[in-house]
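I opened a new notebook page for this structure.

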Amino acid sequence: MKTDLYSQTAKSRFSRHIRLVRRIKNLSQEKVAEMAQLHRTYVGQIERGDVTPTLDAAERISKALGMELWEVLHPGFTLDEVAGSE
């Protein structure tokens with residue numbers, strides 16, 4: 001069964017992708033929050049999909065993880081982008 005790349009919402013993709021990248025880079029939610037100048041619980045809520053981040057917050061988290069926002073939101077996101085930036 002082929003999965004449609006565009007079947008997920010941007011919110012769910014962002015949440016899943018930032019959690020994956022954060023774990024691969026061995027960063028805590030607290031560290032990412034500090035680097036993005038956001039509250040730790042807010043980052044956790046975003047990762048769980050409990051809240052929708054503002055564009056500014058999404059961009060700050062992406063930058064804290066060393067990525068551009070468009071990369072994290074792209075439906076074709078792969079972990080190769082993360083491995084290539086290490």
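These entries record what I looked up, in order.

**Entry 1: the model.** I note at the start that this is a predicted model.

**Entry 2: placing E47.** Where does E47 sit? I found E47 in helix α3, which covers residues 40-48. Is E47 buried or exposed? Its relative accessible area is 5%. Buried means under 20%, so I put E47 down as buried.

**Entry 3: the surroundings of E47.** I left aside the neighbours within four places in sequence. E47 is then in contact with S15, I18, R19, R22 and Q29. I looked at R19 again. The side chains of E47 and R19 are joined by a polar contact of 3.2 Å. I also checked S12, which lies 35 residues from E47 along the chain. The C-alpha atoms of S12 and E47 are separated by 8.6 Å.

**Entry 4: α2 against α3.** Next I turned to helix α2, residues 29-36. How do α2 and α3 pack? I read an angle of about 110°, with the axes 8 Å apart. Angles of 65 to 115 degrees count as roughly perpendicular, so I describe α2 and α3 as roughly perpendicular to each other. Their crossing is right-handed.

**Entry 5: who makes the contact.** From α2, I listed Q29, E30 and A33. From α3, I listed R40, V43, G44 and E47. By class, the contact of α2 with α3 has 2 nonpolar, 2 polar and 3 charged residues.

Definitions and conventions: Residues numbered from 1 in each chain as written. Predicted model: local features only at pLDDT ≥ 70, side-chain atom pairs only at ≥ 80, totals over all residues. Heavy atoms only, no water. Helix = DSSP H or I, 4+ residues; strand = E, 2+ residues; numbered from the N terminus. Buried < 20%, exposed > 50% of the residue type's maximum accessible area, 1.4 Å probe, protein only. Contact = heavy atoms within 4.5 Å. Polar contact = N/O pair within 3.5 Å; in protein donor to acceptor, adjacent residues only side chain to side chain. Axes fitted to C-alpha atoms, helices over the stretch in contact; angles between N-to-C directions. Parallel < 35°, antiparallel > 145°, perpendicular 65-115°, else oblique. Left-handed = near helix turned anticlockwise from the far one by under 90°. Nonpolar A, V, L, I, M, F, W, Y, C, P; charged D, E, K, R; others polar.
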